[in-house]
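Good morning, and thank you for making time for this. I would ask you to keep the sequence and the structure in view while I speak.

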Amino acid sequence: MVERIAFQLNGTDGAARTGVISTPRGEIRTPAFMPVGTAATVKAMMPESVRETGADILLGNTYHLMLRPTAERIAALGGLHRFMNWDRPILTDSGGFQVMSLSGLRKMSEKGVTFKSHIDGSRHELTPERSMEIQRLLGSDIVMCFDECPALPADRDRIAESMRMSMRWAQRSRDAFGDRPGHALFGIQQGGLERDLREESASALCDIGFDGYAVGGLAVGEGQAAMFDCLDYAPGQLPEDKPRYLMGVGKPDDIVGAVKRGIDMMDCVLPSRSGRTGQVFTRHGVVNIKNARHQDDPRPLDENCRCPACRNYSRAYLHHVFRAQEMISGMLLTWHNLTYFQDIMQGMRDAIAGGTFAAWEADFHAGRADGDIERL
Ligand SMILES: [Zn+2]
């Protein structure tokens, strides 16, 4: 068993990379997709089912857990792994991004941010030090620095000012985190879509020194083309021998494009959230199960998918339970979506290791261009 978190790069194909992050709680195969377990659960899924889809690691949300049930309560009950019955690695975000996107009245200063809970209006404070404390109480394996992420578009001065404050917060996060063998702290690069600001941010983070590096501040409204333009250079500004994590991404084609550009880890609520709204991701593109064309269709969603929704149920059934608002609908569609996302990751890992990423990618896009099969 490893005592420290370490990253081993096993192969590259162009800018795409495959490797393994070793942790005391198990290995994380990269490129890795992390399902989001916002409130100590991946909604509609049992933890053992999440594991069956192929997930090596989950993401937990500091903002949600600090408000309810509170980090102190989770710590008293043995930590987040035991609390939610997931004994493999967990990455927690810092809470910063969700304070900005979810909480009501908030006030930012050099010290940190004070805000009102979206649940009951109670007042809370998050600082780099408090974020490190909460993530330690949760028992997170991979801890994220506390940072500020401005929504795009924003003007260059605002992005620069925000990035420089995030770099001061990164140093405070590093100091507060201390030395915790078996746990990792990741820095977060900011700088919007400005290449020189991204470089300045990467350089500041490298001076501090982290176990991994995230590309932050993307997927916040800039669009895929702008995001890919930034990813053409941003991962290359970060150390080659450490994992690179793109936060909050994304749709299947975003994920493939990010891995192609050198990203090792990603997370997104999309597969689970879409599962609950009837949106299904398949090799042939997006299927809306609520569409009436499925009501007499005996075929599975995807005849080649290994998930229980595809192996055991027809489109007609999945359509019916969605329309009837039965709970099994969200369960089956989430299971399928998470399986599909993990199968994309496995496909990319194999292709990068075999030096066939370009062919794999062409296949991936060709399947989606086919569209869902209308005819019987
Ligand atoms: Zn399936």
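A219 sits in the loop between β12 (212-215) and α9 (224-231). Its phi is near 60 degrees, which is a positive value in a residue other than glycine. Please bear in mind throughout that this is a predicted model.

Let me now step back to the whole chain. The protein has 15 helices and 16 strands. Along the principal axes, its C-alpha atoms fill a box of roughly 60 × 45 × 45 Å. For 376 residues, a compact globule would have a radius of gyration near 21 Å, and the 20 Å of this protein agrees with that. Of the 376 residues, 56% count as buried. As for contacts between residues at least 6 apart in sequence, 66% of them join residues at least 24 apart.

The backbone also contains cis peptide bonds, and I shall mention two. One leads from R68 to P69, with omega near 10 degrees. P69 is placed in the loop between α2 (62-67) and α3 (71-76). The other bond joins V249 and G250, and there omega is about 5 degrees. G250 belongs to the loop between β13 (244-246) and α10.

That brings us to helix α10 itself. Why may we call α10, residues 252-260, largely enclosed by the rest of the structure? The reason is that eight of its nine residues are buried. The buried residues are P252, D253, D254, I255, V256, G257, A258 and V259. Just after the helix, G262 adopts a positive phi of about 105 degrees.

One partner of α10 is helix α14, residues 327-354; the two pack at an angle of about 25 degrees, and their axes are 11 Å apart. Since angles under 35 degrees count as roughly parallel, α10 and α14 are therefore roughly parallel to each other. The crossing of α10 past α14 is right-handed. On the α10 side, the contact is made by P252, I255, V256 and V259; on the α14 side, these meet Y340, F341, I344, M345, M348 and I352. Sorted by class, this contact of α10 with α14 has 10 nonpolar residues, with no polar and no charged ones.

I set another helix pair beside this one. Helix α6, residues 128-138, and helix α7, residues 156-177, have axes that come within 8 Å and cross at roughly 40 degrees. That angle makes α6 oblique to α7. Here, too, the passage of α6 across α7 is a right-handed crossing. Which residues make the contact between α6 and α7? From α6 come P128, E129 and M132, and they meet W169, R172, S173, A176 and F177 of α7. By class, the contact of α6 with α7 comprises five nonpolar residues, one polar and two charged.

My last stop is I289. I289 is located in the loop between β16 (285-288) and α12 (308-312). Its relative accessibility is 0%, so I289 counts as buried.

The contact of α10 with α14 has no polar and no charged residues, whereas that of α6 with α7 includes one polar and two charged residues. Thank you; I welcome your questions.

Key:
Residues are numbered from 1 along each chain as its sequence is written. This is a predicted model: local features need pLDDT of at least 70, side-chain atom pairs count only at pLDDT 80 or more; totals for chains, interfaces and linings use all residues. Side-chain values use heavy atoms; hydrogens and water are left out. Buried means under 20% relative accessible area, exposed over 50%, partly exposed in between (1.4 Å probe, protein chains only). Helices (H or I, at least four residues) and strands (E, at least two) are DSSP runs, numbered from the N terminus. Axes are lines fitted to C-alpha atoms, for helices over the stretch in contact, and angles run from 0 to 180 degrees between N-to-C directions. Angles under 35 degrees count as roughly parallel, over 145 as roughly antiparallel, 65 to 115 as roughly perpendicular and the rest as oblique. A crossing is left-handed if the near helix is turned anticlockwise from the far one by less than a right angle, and right-handed if clockwise. Contact means heavy atoms within 4.5 Å. Ala, Val, Leu, Ile, Met, Phe, Trp, Tyr, Cys and Pro count as nonpolar, Asp, Glu, Lys and Arg as charged, and the others, Gly among them, as polar. The radius of gyration is taken over C-alpha atoms; the globule rule is 2.2 Å times the number of residues to the power 0.38.
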